[in-house]
Amino acid sequence: MAVDPRQIVAGVLTVTMFVMLGNMIMRDHLYSLPVDSDISIHSISKQSLETGPWIKDSGSLKPCWTKPVLQDEQSQGFVTFSLTNGPEYHVSQIADAVIVARYLRATLVIPDIRGSEPGDKRNFEDIYDVEHFVRNLNGVVKVAKTRPAEVSARNIAAVKVPNRVSEDYIAENIEPVFTSKGNIRLATYFPSVNMKKMKDKSNTDSIACTAMFGTLELQPEVNEVVESMVERLRTLSAKSKGQFIAVDLRVDILEKKSCQGDGALKSKSCYGPEEIGMFLRKVGFNKDTTLYLTQSRWDSSLNALKDLFPKTYTKENIMPIDKKAKFLDSESSEVEKVIDFYMCSESDVFVPAISGLFYANVAGKRIGSGKTQILVPADIPGASATLTDYISHYVSKKNHFAYSCFC
């Protein structure tokens, strides 16, 4: 049977039109997908790499302070103290001890480190670099690595010291005791969490700057663990160019009565996992963003956050296996806290789900290193809020004490 050529041409045109129409529909469908789509297409992957409100670091600031030099001869007395409650307290405790010892012309004994549980005691060198500590205080105050045998608990007077102690307080409340006993043991207390820059400069500012930002470095093994964890997170963050967010979020603190809320994001002192997830999505981070949590081990309450950000990790996920027994599975939590402090200081973005001294002193360390993308959750009315509205006031107003030390 003869076939009409016109029918053949019409058939070919019809098939061609359907193929073209199918391609158009597929293209329109694929390119209208949201950035969060799991479909792997080169153009979408490239767009995903460029999304997210990441801000380039401003670069490390230079120290503005002049290292104070002690001119007078030292007395024969000693000032002893312990580092307690975690690294956020260590920074302040060292600053107060150095200020007191220098004022009294006393010798500062390198502290031990004590945890919250009875018997939880470590040597300074188990966590921090002793030689760095001594070297950077050289000329500021005389330092003894160990307490002399002749200085015992019987001839040491215990003295309470308020955080950010003043020279007037030392003269009125500490010097008389030191003069009488010859040796004192300091116990810093915190009337309030205040790391804001003072309006008027103090004679002790340069000493405090030296002590807070120039004395503490991790000893090599602990530093290696932190660096390996940071590198692991950067490897897992390929879709965000190796950038990751650290969130100070600890379930045990969130469960305390002071942190209980009605679930709505509002002005308060701490935020739950789902609230943090909603906040991060609100300011523009997509689901491929990598999060590090200060919570040591996974808790079911974190599942709501992981639903929003599947790449959410705790220390147990990313710590080298050969280091877990020593730094994660031990009975002491002090090293875990120190690791968290430095992880939050090294991340590209820091989000404090919990307000307090940890947030304040991490902010100070980040300011000095130029890592100023610190986002604080808050409920800002209206739809016009931008990322900069959530930048920590320590940065936006430059009112952190660190701005007295760096420029």
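Contact here means heavy atoms within 4.5 Å. With that in hand, welcome to a few close-up views of this predicted model.

**View 1. Helix 6 and the elements that cover it.** Helix 6 spans residues 205–214, and eight of its 10 residues are buried, so this helix is largely enclosed by the rest of the structure. Those buried residues are Asp 205, Ile 207, Ala 208, Cys 209, Thr 210, Ala 211, Met 212 and Gly 214. What lies over them? The cover of the buried residues includes helix 3 (87–104), helix 4 (130–136) and helix 14 (357–369).

**View 2. Strand 8, an enclosed strand.** Here you can follow residues 244–248, where five of the five residues are buried, so strand 8 is largely enclosed by the rest of the structure. Which residues point which way from strand 8? Phe 244, Ala 246 and Asp 248 point one way, while Ile 245 and Val 247 point the other way, and all are buried. In a regular strand, side chains alternate between the two faces of the sheet.

**View 3. The partners of strand 8.** Strand 9 (residues 290–293) runs parallel to strand 8, and four bridges join the two. To find your place in this pairing, look for Ala 246, which stands opposite Tyr 292 of strand 9. Strand 8 also pairs with strand 11 (residues 349–352), again in the parallel sense and over four bridges. A landmark in this second pairing is Ile 245, which has Val 349 of strand 11 opposite it.

**View 4. Aromatic rings that pair.** The count of aromatic pairs in the model comes to nine, taking ring centres within 6.5 Å as the cut-off. How are the rings of Phe 341 and Tyr 342 arranged? Their centres are 5.6 Å apart and their planes stand at 65°, so this pair is edge-to-face, given that planes over 60 degrees apart count that way. Are these two residues buried or exposed? Phe 341 is buried, with a relative accessible area of 3%, and Tyr 342 is buried too, at 10%. Elsewhere, Phe 124, Tyr 128 and Phe 133 form one aromatic cluster.

**View 5. Charged side chains over rings.** Where does Arg 250 lie? Arg 250 is found over the face of Phe 358, at 5.2 Å from the ring centre. In another spot, Lys 306 has its charged end over the ring of Tyr 313, 5.7 Å from the centre of that ring.

Conventions: Residues are numbered from 1 along each chain as its sequence is written. This is a predicted model: local features need pLDDT of at least 70, side-chain atom pairs count only at pLDDT 80 or more; totals for chains, interfaces and linings use all residues. Side-chain values use heavy atoms; hydrogens and water are left out. Rings of Phe, Tyr and Trp (its six-membered ring) pair if their centres lie within 6.5 Å; planes under 30 degrees apart count as stacked, over 60 as edge-to-face and the rest as tilted. Buried means under 20% relative accessible area, exposed over 50%, partly exposed in between (1.4 Å probe, protein chains only). A charge sits over a ring if NZ of Lys or CZ of Arg is within 6 Å of the ring centre and within 35 degrees of the ring normal. Two strands pair if DSSP finds at least two bridges between them.
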